[in-house]
Amino acid sequence: MDQKFKKIALENSDSIVNMWMGEIGSLKNGNYTSNVSDELFESTNREFVNVIFKSIKDQGSTKHLEDFSEKLINLGWPLSYITDGLQVFRRVTVDFILAQSEQVDSDYISQVLRSVDAWTEPIIRQLVNEYSGSWEHIVSLQRVALQELSAPLIPVMDNITVMPLIGTIDTERAKLIMENLLEGVMKHNSEVVLMDITGVPVVDTMVAHHIIQAAEAVRLIGSTCILVGIRPEIAQTIVNLGIDLGKFPTKSSLKKGFTTALEITNRKVVDMNTEDKKIEDMIESIGKE
C-alpha cells in the first residue's frame with residue numbers, strides 16, 4: 001500500500017508542489033523570512049520541495065540534504081523553516097492522497113498517515129542533524145576567531161608590542177591573554193609589552209590578579225610589561241582593593257606608555273621641527289666662521 005501512495009505523490013508532484021507553495025507562502029510573514037526578498041523566498045521554497053521529493057524518490061541519498069541545510073545556514077534562516085516546511089508538506093500530501101480516493105475510512109486514513117510519516121520523518125531527522133552539525137561547526141570556527149581577536153598582540157615597532165584589551169576579562173579569557181602574551185613576546189622578540197586596559201569596564205580583584213600574573217610571567221622571560229589606560233576610577237578601585245602594582249610600570253595613556261617603552265629600548269620621540277632648527281642654526285654658524 002505504501003508504494004501505491006508513493007506513486008500517487010510522485011506522479012502528482014506538480015499539484016502537491018503548488019499546494020505546498022501556496023501554504024508555505026503564508027509563512028513569509030513570520031519573523032524568520034519577513035525580510036527576505038520575494039525572489040529568494042520563492043526560489044528557496046522550490047529548492048526545498050524539490051529536495052523533499054528527491055529524498056522520497058531516492059531513499060538513502062543524503063548529499064542534497066547536506067547541501068540544502070548548509071545553504072540555509074549561509075542564508076541565516078533558522079531551523080524552524082525546515083520543520084515548518086516539512087509539516088506543511090506532510091499535511092498537503094495527506095490531503096491530496098485522501099482526495100484521490102472515493103471511499104475513505106479510518107483504516108485508509110491511518111495507512112496514508114503512516115506512509116507519509118515514513119517518508120517525511122527520515123528527511124526531518126536528516127535535515128535537522130545536518131543543520132545542527134553545520135551550525136555547530138560554524139559556531140566553533142567563530143568562537144576560535146573571537147578568541148584570537150579577544151587578546152591580540154600587535155607589534156608596533158621593533159621590540160615593542162601592544163595588547164589592547166576590550167570588554168570583560170574572565171578566567172578563560174585571562175588564560176588566553178597569558179598564552180598570547182608569552183607566545184607573542186617570544187615570536188616578536190619584544191623587550192616591552194604595553195597592556196592597554198582602556199576598554200576594560202571593570203577592574204576587580206580577580207581581573208587585577210590576572211593582570212599581575214600576566215605581567216609577572218612577561219617579566220620572568222626577560223621583558224617588561226607596562227600597564228596603560230588606567231582611568232581615575234580604576235586607579236581608585238585598585239587602591240581601595242589594596243592591590244599592589246608597584247612591581248610594574250603604569251601609565252594613564254597609551255601615548256605615555258609608548259614614550260616609556262621607547263626610553264626602555266634606548267630610543268626617544270624627536271620633534272623634527274626642533275631638529276631642523278638646530279641644523280639651520282648649525283649651518284648658519286658655520287657660514288659665519
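1. Two residues count as in contact when they have heavy atoms within 4.5 Å of each other. Keep that in mind for helix H10, residues 254–264, whose buried residues pack against strand S1 (154–157), S2, strand S3 (192–199), strand S4 (224–228) and strand S5 (250–251). The buried residues in question are Gly-257, Thr-260, Ala-261 and Leu-262. Just past the end of H10, look for Asn-266, which takes a positive phi of about 60°.

2. A word on what you're looking at: this is a predicted model. The protein chain has eleven helices and five strands. Of its 289 residues, 37% are buried.

3. Now to the largest nonpolar core, which has 38 residues. Which of its members touch the most others? They are Trp-20, Phe-48, Phe-89, Ile-97, Val-112 and Leu-127. Helices H1 (2–11), H2 (13–25), H3 (38–57), H4 (63–75), H5 (79–99) and H6 (106–150) each give two or more residues to this core. H5 supplies the largest share, with ten residues.

4. Phe-89 is a handy place to start clicking around. Leaving out residues up to four places away in sequence, Phe-89 touches Ile-16, Trp-20, Val-49, Ile-52, Phe-53, Ile-56 and Thr-120. There is also a second, separate core of 27 residues, and Leu-165, Ile-169, Val-218 and Leu-227 are among its members.

5. Next, how H2 sits against H5. Their axes are 9 Å apart, and the two helices pack at an angle of about 135°, so H2 and H5 are oblique to each other. The crossing is right-handed. On the H2 side you'll find Ser-15, Ile-16, Met-19, Trp-20, Glu-23 and Ile-24, and these meet Gly-85, Val-88, Phe-89, Arg-91, Val-92, Thr-93 and Phe-96 of H5. Sorted by class, this contact has eight nonpolar, three polar and two charged residues.

6. H5 also packs with H3. What is the angle at which the axes of H3 and H5 cross? It is roughly 65°, and the axes come within 11 Å. This crossing is right-handed too. H3 brings Thr-44, Asn-45, Phe-48, Val-49, Ile-52, Phe-53 and Ile-56 to meet Tyr-81, Ile-82, Gly-85, Leu-86 and Phe-89 in H5. Nine residues of this contact are nonpolar and three are polar, with no charged ones.

7. Is Thr-44 buried or exposed? Its relative accessible area is 0%, and the cut-off for buried is under 20%, so Thr-44 counts as buried. Setting aside neighbours within four places in sequence, Thr-44 is in contact with Phe-68, Leu-72, Leu-75, Trp-77 and Tyr-81.

8. Finally, another threonine, this time in a strand: Thr-161 lies in S2, residues 160–166. With a relative accessible area of 1%, Thr-161 is buried. Which residues does Thr-161 contact, leaving aside neighbours within four places in sequence? They are Leu-153, Ile-154, Pro-155, Val-156, His-188, Ser-190, Val-192, Val-193 and Leu-194. S2 is also one of the strands that the buried residues of H10 pack against, which brings us back to the first point.

Note on methods:
Residues are numbered from 1 along each chain as its sequence is written. This is a predicted model: local features need pLDDT of at least 70, side-chain atom pairs count only at pLDDT 80 or more; totals for chains, interfaces and linings use all residues. Side-chain values use heavy atoms; hydrogens and water are left out. A nonpolar core is a set of buried Ala, Val, Leu, Ile, Met, Phe, Trp, Tyr and Cys residues joined through side-chain atoms within 4.5 Å. Buried means under 20% relative accessible area, exposed over 50%, partly exposed in between (1.4 Å probe, protein chains only). Helices (H or I, at least four residues) and strands (E, at least two) are DSSP runs, numbered from the N terminus. Axes are lines fitted to C-alpha atoms, for helices over the stretch in contact, and angles run from 0 to 180 degrees between N-to-C directions. Angles under 35 degrees count as roughly parallel, over 145 as roughly antiparallel, 65 to 115 as roughly perpendicular and the rest as oblique. A crossing is left-handed if the near helix is turned anticlockwise from the far one by less than a right angle, and right-handed if clockwise. Ala, Val, Leu, Ile, Met, Phe, Trp, Tyr, Cys and Pro count as nonpolar, Asp, Glu, Lys and Arg as charged, and the others, Gly among them, as polar.
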